Structure formats: C-alpha cells, structure tokens
Amino acid sequence: MSGILPPEIQSGTWKRFLHDVKFYYWDDPFLYRQCANQLVRRCIPEKEVELLLYDYHASPYGGHHGGDMIAAKVLQSWFYWPTLFKDAYAFVKKCDKCQRIGTITRRHEMPINNILEVEISDVWRIDFMGPFLLSRRNKYILLAID
C-alpha cells in the first residue's frame, strides 16, 4: 500500500476506502479479494463479466437458471466482482429465452392423468411358480410383471 489516495475519492469516503482496501490482494496479473467467509476469490474485470455470465447462464451447459443460482455458480468457481448479484439479475432479465418461457407456477401446471390400458396381455405377465420347500407355510409364488 503506497499511502496515496486516488484523486476521485471524496473527503468523506476515504475511511471506507482504506477499510475496504485491506481485503484485496494483488498478485500480478490478477486481483484477489478475501470475502466474508474467509475465502479468497479472483476479481473479474468489467469487460469479462458479460462473457462469464453468459457461460454460467445461456451456454449449452448453463441451464438458464435465475440470478441467485448464477451468482452462486460464479462464487463456487472462485470468481468475484462487487456488483455480482445485480449483474446476474440484469443478465437474466435480458435473456430472451428466459423471458419468453418463464417459470411454470402451480397455477399453470397441467394435471397428470393416468393412461388406462385395456388389453392386459400387452401390459402384464402373470406366472405361477412352485411348489417349493415350505417358507412361512407357503409353497407357491405368484409373480406379476408390469
């Protein structure tokens, strides 16, 4: 730490800046931050945020999850940036596929109806096996297969 404050820092926020700077570590070429749970995560530059969010949301292996799930995936991958949750929610809002499909609520779910098969021989097979040695006073087995 050089002890020189950036010129854009206002006089009232310098204490907050000096407090926050303790949690950041520079290991050339990357910046790391020690989070509240004592885990150290790599900080992502602003130009890479959109690509990273795309990878965790809209790529073929992304899954189109909501903002909380995307942010959790990013944190589990040891990445961090200050506006992570806000950016994840904004990315989901901009996703055309998610906005068209949305989530299915209980109100819009279709009831599950059983399919009734009339011809038993196509669905069931029943076998009668035995006689066997006595087992709990039983000699025969009735076997039904669906």
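Start by selecting Tyr32: at 23% relative accessibility, Tyr32 counts as partly exposed (buried is under 20% relative accessible area, exposed over 50% and partly exposed in between, with a 1.4 Å probe and protein chains only). The model is predicted, with local features needing pLDDT of at least 70 and side-chain atom pairs pLDDT 80 or more, while totals for chains, interfaces and linings use all residues. Residues are numbered from 1 along each chain as its sequence is written, and side-chain values use heavy atoms, leaving out hydrogens and water.

A search of the whole structure turns up one aromatic pair. The ring centres of Phe30 and Tyr32 lie 6.5 Å apart with planes at 70 degrees, so this pair is edge-to-face (rings of Phe, Tyr and Trp, the last by its six-membered ring, pair with centres within 6.5 Å; planes under 30 degrees apart are stacked, over 60 edge-to-face, the rest tilted).

Next, select helix α2 (residues 46–57) together with α3: they pack at about 110 degrees, axes 10 Å apart. Axes are lines fitted to C-alpha atoms, for helices over the stretch in contact, and angles run from 0 to 180 degrees between N-to-C directions. Helices (H or I, at least four residues) and strands (E, at least two) are DSSP runs, numbered from the N terminus. Show Leu52, Leu53, Tyr56 and His57 of α2, which meet Ile70, Lys73 and Val74 of α3 (contact means heavy atoms within 4.5 Å).

Finally, move to α3 (residues 67–76) and α4 (residues 84–94), which pack at about 130 degrees with axes 8 Å apart. Residues to display here include Ile70 and Val74 of α3 and Phe85 and Tyr89 of α4.
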